[in-house]
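Have the sequence and the model open as you read.

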Amino acid sequence: MIAGRSPFALEVDNIVKVYPARRNGLFGACSEPVRAIDGLSFNVPRGSIFGMLGPNGAGKTTLLKILATLLQPSSGHARIESFDVVERPLEVRRRMSMVLQETAGEMFLSVRDNLLTYARFHGLAEAERGAAENMQLFDLTTEADRKVQDLSGGFRRRVQVAKVFLVKTPVLFLDEFSTGMDPILKRAVMDALRKESARGRTIVLTTQVLSEAEELCDDILILNKGRQIARGDLHALKLLSQDVYEVAITFESLPAGIEHEMAALHPVRSRINGNTLEFCVKAREAEALEIVAALAKKGRVLRVEIGGASLEDIFVELTQKAGAEAR
Amino acid sequence: MSSISAMLYRETKIRATNITFVFWDLFYPLCYLLVFGVGVTASLGTPLSAPGVTYNSFFLAGVLGMASFGIASNSSWSFFMDRDNGIFYEMLTYPMSRSEYLLGKVLFNVFIAIIQMVITLGLGTWLLGIRLRADLLPLLVVTVILGTAGWFFFYTIFALKIRRNDIFNSVTSVFYFVFLFASSMFYPLEPLPRWFRVIGLANPITWQVDLLRYTSIGLGNPHQLGMEAVAFGIFVLACFGYAVRSLKQI
């Protein structure tokens, strides 16, 4: 129900989603019920870009499907633009558009007809002009008359994403939108998303590509096993990992046995890239510097870089911590 | 309304991409009437108790009923294709209700069924000399529309509930066998054994075909037809309600 105009585009209140137990065939065992979302609550202000991060099975797609009226929650409430997703699904659908995680398209229709059909469903005037502009933005003009079934996976994804830019719904859901996109197109789409957000459109996205979230999102929710494990803008999340440092040491030639010495320090993660040792370590500042100094003595060093935690470090640390606590 | 017309536009566009679909959709009841009807008449004569009614005239309602059933069965496959293409779930996020989604789809089927009916009636009367009851034609059109919608909603329930193509395929084969042959589609029920007649009378295809037979050539018992009309109306509404419910539970 509408209870006055809320400042939030999305309001999620103690949402729970349990997938019931299923029997695997006539003689198969019965699976356990799965608690995919476990009491999530959060609000998203209008015009922001909100990112949901989490490992596979964290509940991101389930949550997006509930918000997009594709699934009903087991309990709790969610509102899009003040309309309840269960009680007023049609009003919700009039205010949102969505890019699903799976590639979706009218395979037997041309690229142009895919856009025009989508425009028709959304009652869009000047669909031809909008379709032409979007085909240009997504570099699809030369493919306009080809059937989608004859396109590569990357091009099919372009068509799918291009469609949501045709309409001006206040809320846009993107479930791993950049899957299969080349870096140039991805950048163009990210720029377009920023412009849409600047015009007041609320964008909610899930991604596994943390640099995307780092670059795009004003506000990030990290999920694990259906629960919130962290929430805030990039700065706030980085404060959660104040004692995490990312280090890169480039040697003239990689010292022998450095991998074992590195492993003994129990880094959050580490890897060797040519002659460069890259690692992330959780330690106080002085300790981190001692570790770097000790490793630097092992060979002739060309370059040392020490930085604060990246979103990836924070993500790994928080999800590992949440996993350990759950055990 | 705009979402229903958008769905109609979409279905027409997709169907128009393949001329085989169009030809088969429109002409297969007539082909059935010409091949099966003429074959039975030629080999068995006119095995009916009703005076002056040829097997071709009797079977006309059967092919119209079979066409409704066939359209429904074929178009319910589109749920599987749409699911495979991912577009099914995307469409459920479009600004339309679940009822509009189904009505848009059924409107296309009704459109095809009416053209099919016109071709079958037109060429059937011309080529086979079937005499139609012109005064009942409007009721015939209503029966074709209701039948096409009813069977589409019926099949939709199973297409939405069943996730595997192979299982759905088996289910539709059973439906074809049970619904079509345990009915008055190919033969009158009166001479059949009692158990067969009971099954036939409880079969919604019998209700629809009996109505089609009355509204096309005027054959049937008005009292029984009244009950069958009510039963078939309830069947269509129940299938629509349950199909919408199934779509909401996806």
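Start at Phe27(B), which sits in helix α2 of chain B (helices are DSSP runs of H or I with at least four residues, strands are E runs of at least two, and both are numbered from the N terminus). This is a predicted model, where local features need pLDDT of at least 70 and side-chain atom pairs count only at pLDDT 80 or more, while totals for chains, interfaces and linings use all residues. Residues are numbered from 1 along each chain as its sequence is written, and chains are lettered from A and ligands numbered from 1 in the order in which they are written.

Phe27(B) and Ile119(B) are 92 residues apart in sequence, yet their C-alpha atoms are 7.3 Å apart.

Now follow the helix itself. α2 (residues 19–44) of chain B packs with α3 (residues 55–84) of chain B at about 145°, the axes being 9 Å apart (axes are lines fitted to C-alpha atoms, for helices over the stretch in contact, and angles run from 0 to 180 degrees between N-to-C directions). Among the residues making this contact are Tyr28(B) and Tyr32(B) of α2(B), and Phe59(B) and Leu60(B) of α3(B) (contact means C-beta atoms, placed from the backbone, within 7 Å). By class, 13 of the contact residues are nonpolar, four polar and none charged (Ala, Val, Leu, Ile, Met, Phe, Trp, Tyr, Cys and Pro are nonpolar, Asp, Glu, Lys and Arg charged, the others, Gly among them, polar).

Next, the meeting of the chains. Here 19 residues of chain B touch 22 residues of chain A. On chain B's side, α1(B) gives the largest share, seven residues, and that side divides into nine nonpolar, seven polar and three charged residues.

Over in chain A, four strands form an open antiparallel sheet in the order β12-β13-β11-β14 (strands pair if DSSP finds at least two bridges between them). At the edges are β12 (269–273) and β14 (301–308) of chain A, each pairing on one side only. The twist averages 10° from one strand to the next. Inside the sheet, seven bridges link β11 (residues 244–251) of chain A to β13 (residues 276–282) of chain A. Helix α10 (residues 285–296) of chain A packs on the sheet, touching β11, β13 and β14 of chain A.

Key
Two residues are in contact if their C-beta atoms, placed from the backbone, lie within 7 Å.
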